[in-house]
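Have the sequence and the model open side by side as you read.

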Amino acid sequence: MSHNTFGHLFRVTTWGESHGPAIGAVIDGCPPGVALDLAALQADCDRRKPGQSRFVTQRREEDMVEVLSGVFEDDGTDGLRTTGTPISLMIRNTDQRSKDYGEIRDKFRPGHADYTYDAKYGIRDYRGGGRSSARETAARVAAGAVAKQVLNALVPGGVTIRAALVQIGREAIDRLNWDWSEVGRNPFFSPDPDSVARFEAYLDGIRKAGSSIGAILEVVAEGVPAGWGAPLYGKLDQDIASALMSINAVKGVEIGAGFESAELTGEENADEIRMGNDGPIFQSNNAGGILGGISSGQPIVARLVVKPTSSILTPRKTIDRTGHDTDLITKGRHDPCVGIRAVPVVEAMTAITLVDHALRHRGQTGR
């Protein structure tokens, strides 16, 4: 299997399967001398790990990250720093229950990658989907945690990347109540405190029915300087969209006003500019912080939609590997809404993309 690497100068390769002994990532191209805070790295991974509420899979994984290479501690006086060599990260799988998937080893789950993996490779790992499982995203979060720290080392004042869940099914937040501090205070990563009770009631019904539901997430990156990205085939929004689309179950991405731009006039859509004491001041941000594929210095804003997980208890029509019609019920431990734990994954992929563009920009312009 090829295409397990993302990025150009800051390259992340993930490895491992859902029910294998471990998963992990190798980061190639990390600049040397960057202070690496392992506690902060682990904290990001803890936000994604399963079993933290009744609204996510009850698989119990500690997701402890082991750093195997690419860092050095000089007599403990200056902390841990990157060496510029590949950073290898490993997370051991400790709570696999492969027997849960025995009944589907020769059946294809509708809506899942079972059929397409088998069609392409002639073999598939039926134990949780193998490489197609969202378990792989734990390695992305670990790599993204490193990327966040590199960004803060490269950019004066740092770059802040925050994601939130803004809609589950038909239940959406009230944007007038948006408060970033609320994201870490509830199991839904919601910025609207009034949405929590509604999300709980709604998702409890979905969960008890053995079904699943989709979600919409939003990510905002602040502190990105103007100038990152390159026309025509290295656009920043192009690469952010690609990064977010690579996340399991994501079926759509928009930047700034996105699809709502179709309803705007030219006057409404244009982000007018005035000169301020410290540089240009934009009157709006329909462009989502990116113009012509290059960052404008405004907050970068993207939204994405995550489909419902296909692993549900309702019988569904499918076929088996011999081509016969059959029915299927998926047992085991699954997220009723995969969008919840996708929040730290979205931050990670955004961070990895921004670091890659920061290094590409520096390589081309020298700054």
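What follows goes from the whole chain down to single residues.

## Ground rules

This is a predicted model, so local features need pLDDT of at least 70 and side-chain atom pairs count only at pLDDT 80 or more, while totals for chains, interfaces and linings use all residues. Residues are numbered from 1 along each chain as its sequence is written, and side-chain values use heavy atoms, with hydrogens and water left out.

## The whole chain

The protein has seven helices and 18 strands. Both kinds of element are DSSP runs numbered from the N terminus: helices are H or I with at least four residues, strands are E with at least two. The radius of gyration is 21 Å, close to the 21 Å that the globule rule gives for 367 residues, so the protein is as compact as a globular protein of that length. (That radius is taken over C-alpha atoms, and the rule is 2.2 Å times the number of residues to the power 0.38.) Along the principal axes, the C-alpha trace spans about 65 × 55 × 40 Å.

Of the 367 residues, 49% count as buried. Here buried means under 20% relative accessible area, exposed means over 50%, and partly exposed is in between, with a 1.4 Å probe and protein chains only. The accessible surface comes to about 17,300 Å², and 52% of that belongs to carbon and sulfur atoms; areas come from the Shrake-Rupley method with a 1.4 Å probe, and for residues only the protein chains shown count as cover. As for contacts (heavy atoms within 4.5 Å), take those with a separation of 6 or more: residues 24 or more positions apart account for 69% of them.

## An open sheet of five strands

Five strands make an open sheet in the order S1-S2-S3-S7-S4, with antiparallel pairing. Strands S1 (5–6) and S4 (65–69) sit at the edges with a single partner strand each, so one side of each has no neighbour in the sheet. Two strands pair if DSSP finds at least two bridges between them.

Look at S4 and its partner S7 (residues 87–92): four bridges join them in the antiparallel sense. Ser69 stands opposite Ser88 in S7.

## S16 and its partners

Now jump to S16 (residues 300–306). Six of its seven residues are buried, so this strand is largely enclosed by the rest of the structure. S10 (residues 215–222) pairs with S16 in the antiparallel sense over seven bridges, and S11 (residues 250–255) runs antiparallel to S16 with five bridges.

Which residue of S16 does Val219 stand opposite? Val219 faces Ala302, and Ala302 is also the bridge partner of Ile255.

Helix H4 (residues 195–208) has 14 residues and reaches 20 Å from first C-alpha to last, close to the 20 Å expected at 1.5 Å a residue. The expected span is 1.5 Å times one less than the number of residues. Ser195, Val196, Phe199, Leu203, Asp204 and Ile206 are buried in H4. Seen down the axis, the buried residues of H4 fall within an arc of 165 degrees, so they line one face of the helix; the arc is that of the directions from the helix axis to the C-beta atoms. Their cover includes strands S8 (160–168) and S9 (171–172). On the face turned away from the buried side, H4 carries the exposed residues Ala197, Ala201 and Lys208. Just after H4, Gly210 takes a positive phi of about 75 degrees.

Helix H7 (residues 342–365) is mostly covered, with 19 of its 24 residues buried. Gly366 follows H7, with a positive phi near 80 degrees.

Most residues other than glycine have a negative phi, and most peptide bonds are trans. Asp63 has a positive phi of about 50 degrees although it is not a glycine. Asp63 lies in the loop between H1 (38–48) and S4 and is buried, at 2% relative accessible area. Ala249, also not a glycine, has a positive phi of about 75 degrees. Ala249 is in the loop between H5 and S11 and is partly exposed, at 23%.

Where is Leu232? Leu232 lies in the loop between S10 and H5 (236–245), and the peptide bond from Pro231 to Leu232 is cis, with omega near 0 degrees. Finally, Leu176 is found in the loop between S9 and H4 and counts as exposed at 79% relative accessibility.
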